[in-house]
Amino acid sequence: MPVQSRLDGHIREDARAAKLLEKARDDANKTREGGYCSASVRAKIRNEFAARNPGLVPHKWQVDIGEALELGIDCSLLAGKGAGKTMPFVMPLFTHPDKIVIIISPLNALEEDQAKRFQAMGISAAAINGDTCNDKIHKEIEALKHNVIITSPNMCLQHDRFRQLLCNPKFAGKIAAFVIDEAHCITQWGGSFRPEYALLGTLRAFVPVHVPFLVASATLPPPVLAQVRQSMHIRADNSFHVNLGVDRPNIAWICRKMQGAKSDLEALHFLTSHDPDDPDFILTQTMVFFDDIPLSLDALAHLRAKLPPSRRGEIAAYSSLRTTHAKLRVMEDFRRGKIKILLTTEAAGMGCDMPYIEQVVQFMVPSSLSIWMQRAGRAGRTFTIFARAILLVQPSVFKRKGVPIPETEGTVYRKDVEEGLRAWIETEDCRRDIADEYFDAGVGRKGQSLLNHGRPC
């Protein structure tokens with residue numbers, strides 16, 4: 001889609017969202033006892049945010065979502081990693097400190113990380129999942145001792161005791177909002193892998209009709225957003241949408257063609273290259289993503305062999321096959337920098353929110369541009385770091401299949417690659433532009449509005 005057409009679409013969307021918010025304010029002023037004052041609510045949200053995050057000021061879009069949830073409006077949010085999309089999750093509590101926000105999260109590690117982050121803000125938060133669920137935590141939640149409950153689709157839909165609590169009218173009446181974090185999982189995982197994701201829309205039957213739902217992700221291209229809305233029973237014309245795009249100005253995007261496929265572990269040698277006469281060489285803090293656990297273990301042995309025995313512990317593997325204790329230990333060592341290179345599958349992707357990762361590598365192409373952007377977004381979470389995201393592309397991506405096909409019929413390649421990802425790989429222009437079009441971005445470089453600024457590459 002041409003940039004101007006995309007701009008025009010966002011102008012219309014912004015105008016629609018503003019009109020929706022204004023109508024909700026008017027309705028609240030007429031129906032709420034004592035009326036409704038938007039200025040007072042927004043001031044309360046900003047003041048509470050500043051008090052809980054010293055030195056920080058909320059973005060207007062964060063306050064907009066906070067007020068929309070206050071008014072009972074369903075919301076959708078597309079914001080790149082590090083943009084601050086988590087903060088609106090708890091903003092309903094800034095105006096209603098006696099209420100509860102329930103956040104649906106895909107991974108235990110992410111649940112626990114978010115709980116700690118909210119606790120540091122002075123908000124009582126608990127992660128409840130298969131590892132933490134016990135009689136004590138359940139009674140605490142039942143007694144309304146936690147304002148933020150971070151849990152999984154499985155707990156909400158398949159755990160009898162917790163599901164019954166959500167359906168209890170007294171408890172449900174305390175719920176200020178439901179948040180579906182990493183909402184792309186509804187379409188990405190909602191098939192045979194984790195079918196409960198496809199059923200999350202049934203949560204609406206658990207709570208009063210005025211309870212709003214917020215779906216949020218760093219990767220929601222228009223077709224995925226439409227599917228997520230349909231699954232969650234969110235009307236596009238009656239919900240508040242924020243699209244900040246996915247651009248990360250401190251990440252350099254790099255494609256490298258591999259010499260082979262799974263056997264080409266030499267493509268990873270740049271990770272461990274060093275001066276053999278320098279015993280104090282420093283490895284770059286890196287995550288390497290694989291879509292195959294045995295392959296990640298082969299790479300682990302291969303790369304460790306390139307290092308002196310005393311340094312081999314600086315490379316480790318992380319996957320769903322490891323025990324809970326082992327995964328926690330590995331992630332903590334990676335967080336502290338004791339482990340420099342983490343070879344991982346999706347299991348560590350969304351659960352890894354660390355500020356100092358300098359480099360993300362994808363070994364062979366993933367299934368979509370969305371997945372690549374999700375994984376690459378783990379790099380450079382601190383914007384003072386100049387990070388790199390390197391996609392290692394196997395030769396079959398470029399090789400044509402069978403006999404040449406007339407151009408009018410298109411080209412068939414040996415490796416079937418999603419159209420958006422292929423465009424991102426093959427473009428001779430700016431890859432950021434490809435990503436902007438794919439995600440229907442409404443903001444320019446460095447988060448500036450396209451309405452007022454150009455688009456340097």
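Tutor: Buried here means under 20% relative accessible area, exposed over 50% and partly exposed in between, with a 1.4 Å probe and protein chains only. Phenylalanine 290 therefore counts as buried, at 1% relative accessibility, and so does phenylalanine 363, with a relative accessible area of 2%. The model is predicted, so local features need pLDDT of at least 70 and side-chain atom pairs count only at pLDDT 80 or more, whereas totals for chains, interfaces and linings use all residues. Residues are numbered from 1 along each chain as its sequence is written, and side-chain values use heavy atoms, with hydrogens and water left out.

Six aromatic pairs occur in the structure (ring centres of Phe, Tyr or the six-membered ring of Trp within 6.5 Å; planes under 30 degrees apart are stacked, over 60 edge-to-face, the rest tilted). One of them joins tryptophan 253 to tryptophan 424 edge-to-face, at 5.9 Å centre to centre and 85° between the planes. This pair links distant parts of the chain, since tryptophan 253 belongs to strand 8 and tryptophan 424 to helix 15, 171 residues apart (DSSP runs numbered from the N terminus: H or I of at least four residues, E of at least two). Phenylalanine 290 and phenylalanine 363 make a tilted pair, with 5.3 Å between centres and 35° between planes; phenylalanine 290 lies in the loop between strand 9 and helix 12 (293-304), phenylalanine 363 in strand 12, 73 residues apart. Returning to the tryptophans, ring pairs link Trp253, Trp372 and Trp424 into a cluster.
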